[in-house]
Amino acid sequence: MNPRTLTLRTLRLLLALGLLAALSGCEYTDVTVPTYQKGYKPVQPISFSHKLHAGDLQMECQYCHFGAAESRNGSIPPVNVCMNCHKTVKTDSPQIKKIADAYEKGTSIPWVKVHNLPDFVSFNHSRHVSRGVACQTCHGPVQEMPEVYQFSSLAMGWCVNCHRQYSEKDSAQFGQTPPEQFKDMHLKPSTDCAACHH
Amino acid sequence: MDRNRDHKNDNREASHKTAQSLAISNALSATRKGAKRRFVSVEELTRNPSVDVLREQELGQVPVVGDGSELQRRDFMKVIGATFAAASATACARLPERYARPYVQKPEELTPGRANWYATACRTCSAGCGLLVKSRDGRPIKVEGNAEHPVSKGGVCASGQAGVLDLYDGDRLRGPTVGGAPSKWDPLDVEVAKQLAAYATNGKALAIVTPTASGPASRAVIAAFQKKFPGVQHVVYEAETIGAITAAHALTHSKKAVPGLHFERAEYVVSFGADYLGTWLQPAAFTKQWSSTRAVSLDKKTMSRTVQIETRLSLTGSNADERLRILPSEQRGLVLALAVKIAAATGADLGVTAASNDKIDKIAKDLLAIKGKSLVVSDSDDVAVQGAVAFINEQLGNYGKTLDLYSHLQSNLADAAAIDKLLADVKSGAVTGLVLVGVNPAYDSPTPGAWAQAIKKAEVSIALSQRADETAKLCKIVAASNHALESWGDLETVAGTLTLQQPLVNPIFDTRQAEDSLLLWAGAQVAGKPATFLPFLRETWQQQVAIRAGKPADFQKFWDKSVHDGYVVVGRENVVIPGGPAEVAPPQDASPVAIAAEASAVALPVAATPEMKLEAPPPPLYTLEGVKKALATPAAKVEGAGKFELVLFPTVALRYGQQANNPFLHEMPDPITKSTWGNYACLSPKTATALGVGSSDVVAVKAGGATVELPVVLSPGLHDGAIALPLGFGRTAVGKIGDGLGKDVRVLVPGGGAARADVTKTGAVDPVAFSQVHHSYEHRDSVRETSFAEWSEDPKAGNETLEESMHDPGKRDKRITRSIWNRHEYPGHKWGMAIDLNKCTGCGACVVSCNIENNIPVVGKSEVLLRREMHWMRIDRYFSERGPAPADGQDWDSTKDDLLALADNPEVVHMPMLCQQCDNAPCETVCPVLATVHSSEGLNTQAYNRCIGTRYCANNCPYKVRRFNWFNYPHGEMEGKQEKDLVALALNPDITKRSRGVMEKCSFCVQRIQEVKALAAREGRIDPNANGQICKPDEVKTACQQSCPAEAITFGDMNAASQVKKQYDDPRNYSALVEVGTQPAVTYMTKVRNSDRVRAPKHEKHEHAAAKKAEG
């Protein structure tokens, strides 16, 4: 074999390996699209049941997730919110003890994120909550989930579909009718790229 | 096809195109008779072929191709295809678990995901501007001006904006050191107590050197220190020397102070060398004041005139209506000539004579015509010059109008005489101990060598410093002090206006606020406990400020409001406590207000006494005798006998080099030279031609027994008999970024003062990284300008072309060109911006503000040289010949004209350039993946995650505002210079992350638009028209707009009654490069110069023809 061809082949092999390493390397983990994680149900450090709190006890979602109406973040409640009740309620439960322990020591609880959006998308909870979009629209029947899982795909098409449906103009165009509750609010959810990608 | 052959073809094509574009440009300029000749560099002016080569290679050089044995394109595609397949196979794995860690106890005022804003004070220089700092989750991430602050009124300069990055600088001191070894605070305090013990009885042998401490509590700290060590010398040190103004006023007005300046009341400003818009005293505040006099509209038909008499083209000079080019040594004579002329006209006898000068006589005549409405300033170190300036202002009746000796400036109270005395005392052994608080005289003083010797000689040397800088390195004990955003403080930079500085964050490193250290060492107490600065500050305010503020009934409320607002305006009276300790001598630099404040402070911690009272400050007393005394001061000796007079100047970004480890400031192009990273020797084009050097050729500058080799920057406007060298570079102990960057030019003048130098060519080349020259508009002129006289007659002056060419006569808006595209409909908001070229000074604050807001990476010098700077916003600087355009239609012709003469003293236009958010956007039509599309609100949006990096869009952008991420930054030389984890804390979390291979550009701060929309939704605003218009017309402020100290930028909804709509409808409004038909959402306002220019001939027809040609 021609030595030059050999060198070329080696070069190609090296190049391929190098690119493979680069593409699968850490640089690209940030932009990997995690949209198809529907059904993702991670094990949480404390077995908190939304079914019990939001379902059986019928607590308001925003009693704990109060940041959702104020901020872009949905806000995992600070530990002291748990302790508002659990200073007295079920203090002997081993799960509650974990919370009480974290509260005493001042250490944060590492809840595993269920809903992950990529870094190139901005979602603002407060804009949706303040316009009356129910939490369940995106998060599903959380009040029935002992363990929370990802209900919706959170894919772009799923977002855009809703934005079109809720807009009077677009909904007509796409043969949909806006939900009754938004009829008088004259909302115009944007379908511009920059509505989310900014 | 063989890649190699492609390349050859490319080359041929390139050279052909070069000739073609030259022909076009010649044809263009030939038809533009009567238009001003504009140039971005001397090379362009003189038709240096290098310029056209650069233009042809605008998107980078053709890659070097070898002998044909390398990979061919198809092979490459095969390989890369296989790689993608392999990569996608591995990409199916689950994402790593991510965690959401909530607070244990959420701070009450903090909501995760929402920003908090706190008022504080800027301490990057001594000006003391009021700030609002944005804090996200406890991290300060963005500095903006506090619009309510009475002095700075919302202005912050580029240095102040960049200051937030200094907080996250890993090269700051991480803890105290004793004897050069890392230490802890307890052993350090023990050691300090031991070393200072001897001075408790012999305070005279100790000196404390501080920057200007103008606030009552800051002064009280020093007073407490003085109380513990009686007789200790307090020396105020600042890198900027303005002592001559104070000294002159002590003689002329018997008040040792710098008068407060009011450019906003001046119709005519004459400045002898003072760069008040760039670096002098309080540039951001002055810019704010000055720009208000430059606004012209149909409602306001007045405009100030600015005259600058200087050696090198400063930022102020570039904005002046008239500019005289003089040598530094000529300044004294000219100021005296003006004084003599004014004296003759007003009947005062100065007893001096001065050679008459036509231009000065003309200025004198103008000034005398508008008494009380002018302002004359000078940056001279010469007491005679400052005395003459004070005399001129007095005779013109400016005191009490444009100058204020009651609300005087206290931002810089340094006293050169006291510094000289201290250095002499250390040398003689009279002073053996030095406490240096936050100063770095071993680098930034005019005589760093003398300081270094003094510090080395001192038996006790204690530095309270943020860095192990040149001064701290020489000190035996270094008490690491906090960054300003980690510190409390107070300032009274203008008498009567107090600014309160509050910390935004706990100290990141093991540092301690300098005031805490001093109070501890002084053994000061508050309420019977050892004092730390916060209670001390509060107590001082309770005692001294409250009484000046009219004794508010509820001090807590007063204090809370002061902290909240960041400032408080109080009476200018002095606080007097009868029976205050008499043994404490008032410091030499102090103003009456300050002296009294200190006297009372020493009484701490005694509670406020009922006898405490206020006393009106003595009125300034003007005497002609004082002026004569000042004028009798001999002129400073000029050192050396070189051919050129040497000018050492602070740059707009780096000033005196304190922030030399800040990459934003290094990469911010200098407003005048447009160079980045490192310093250079400014030579006038004629001088350089005589020496046979061009830009980037290295010259050796010899003076004071030292030689400094620097690359040349051809500097139009610089006097041919002078060379100018930027200060602030060549640091040795600032950090990884600033160390060794550029050269320290102070070595040329070891004794400080004026000097002459020789310049010789070395033959070496050291490329200067310019930011502007590599973008080409293909000789299209994007600037419109006119004179005030013309504009007064016709508000469309200079902007006539809009009426005629290429516009659709049927349209309501004449600016809408004929187009093959369907027009966009904007039923809701339509965002637009207008930039007033008349107000813009080119200071660069917007550039740095944009960088910080949008997480724009710093690329480093080698990348800038490859034209890969990432700035979304830049300021184009154009030179043009001074005076009227040639009526006879002179063309650029090097055979007929002395083209270099055009660069002797050119006029300048600063034109901020950012994505123009075109309606007919050329970038949108060429993107193959629809990554850049038009939004329903007129934004030209860029979806980064969709971009595949073809760069077609950048290629097709006539404004050259798109930036490509060649790498994941930091890259190359920037790698490892900053601590990634630390710098990441300064990032704005509201911005999309961009990785390499992606095109990015200005988004009109869409994240701020979205933030306001979210606010509107939270407030439950209902949009009755269902068109999405829920923001108020002027509610959204872009980062550049907010930071602009000149208020040159307006932004808002063009579909509403907004400020920007008003600007859009003004006859001065125009679109840049209107002839290309892009219909930008960013518009500009014609520059109006208030010069004596005669009316230029009308030239619409030529413009028309030229534009047509360009279109065809």
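How many bridges pair strand 1 of chain B with strand 36 of chain B, and in which sense do these strands pair? The structure is a predicted model, in which local features need pLDDT of at least 70, side-chain atom pairs count only at pLDDT 80 or more, and totals for chains, interfaces and linings use all residues. Residues are numbered from 1 along each chain as its sequence is written, while chains are lettered from A and ligands numbered from 1 in the order in which they are written.

Strand 1 of chain B and strand 36 (residues 874-880) of chain B pair over two bridges, in the antiparallel sense. Helices (H or I, at least four residues) and strands (E, at least two) are DSSP runs, numbered from the N terminus. Two strands pair if DSSP finds at least two bridges between them. Opposite Arg38(B) stands Ser880(B), in strand 36 of chain B. Both strands belong to an open sheet of three strands in chain B, ordered 1-36-37, with antiparallel pairing. Strand 1 (38-39) and strand 37 (907-913) of chain B are at the edges with a single partner strand each, so one side of each has no neighbour in the sheet.

A further open sheet in chain B has seven strands. Their order is 7-6-18-17-16-8-9, and the pairing is mixed. Strand 7 (181-182) and strand 9 (233-236) of chain B stand at the edges; each has a single partner strand, so one side of each is left without a neighbour in the sheet. Strand 8 (residues 206-210) of chain B runs parallel to strand 16 (residues 433-437) of chain B, and four bridges join them. Leu206(B) has Gly433(B) in strand 16 of chain B as its bridge partner.

In chain B, the axes of helix 5 (residues 158-167) and helix 27 (residues 845-853) come within 8 Å and cross at roughly 20°. Axes are lines fitted to C-alpha atoms, for helices over the stretch in contact, and angles run from 0 to 180 degrees between N-to-C directions. Helix 5 of chain B and helix 27 of chain B are therefore roughly parallel to each other. Angles under 35 degrees count as roughly parallel, over 145 as roughly antiparallel, 65 to 115 as roughly perpendicular and the rest as oblique. From helix 5 of chain B, Ala158(B), Gln161(B), Ala162(B) and Val164(B) meet Ala845(B), Val847(B), Val848(B), Ser849(B) and Ile852(B) of helix 27 of chain B. This contact comprises seven nonpolar, two polar and no charged residues. Ala, Val, Leu, Ile, Met, Phe, Trp, Tyr, Cys and Pro count as nonpolar, Asp, Glu, Lys and Arg as charged, and the others, Gly among them, as polar.

In chain A, the axes of helix 4 (residues 79-86) and helix 5 (residues 94-105) come within 10 Å and cross at roughly 125°. Helix 4 of chain A and helix 5 of chain A are therefore oblique to each other.

Two backbone features lie in loops of chain B. A cis peptide bond, with omega about 5°, joins Tyr969(B) and Pro970(B). Pro970(B) is in the loop between strand 40 (963-964) and helix 32 (980-983) of chain B. Trp677(B) is not a glycine, yet has a positive phi of about 50°. Its loop runs between strand 27 (675-676) and strand 28 (681-683) of chain B.

Chain A has a mean pLDDT (the predictor's confidence in each residue, from 0 to 100) of 81, and 72% of its residues reach 70 or more.

Notes
Two residues are in contact if their C-beta atoms, placed from the backbone, lie within 7 Å.
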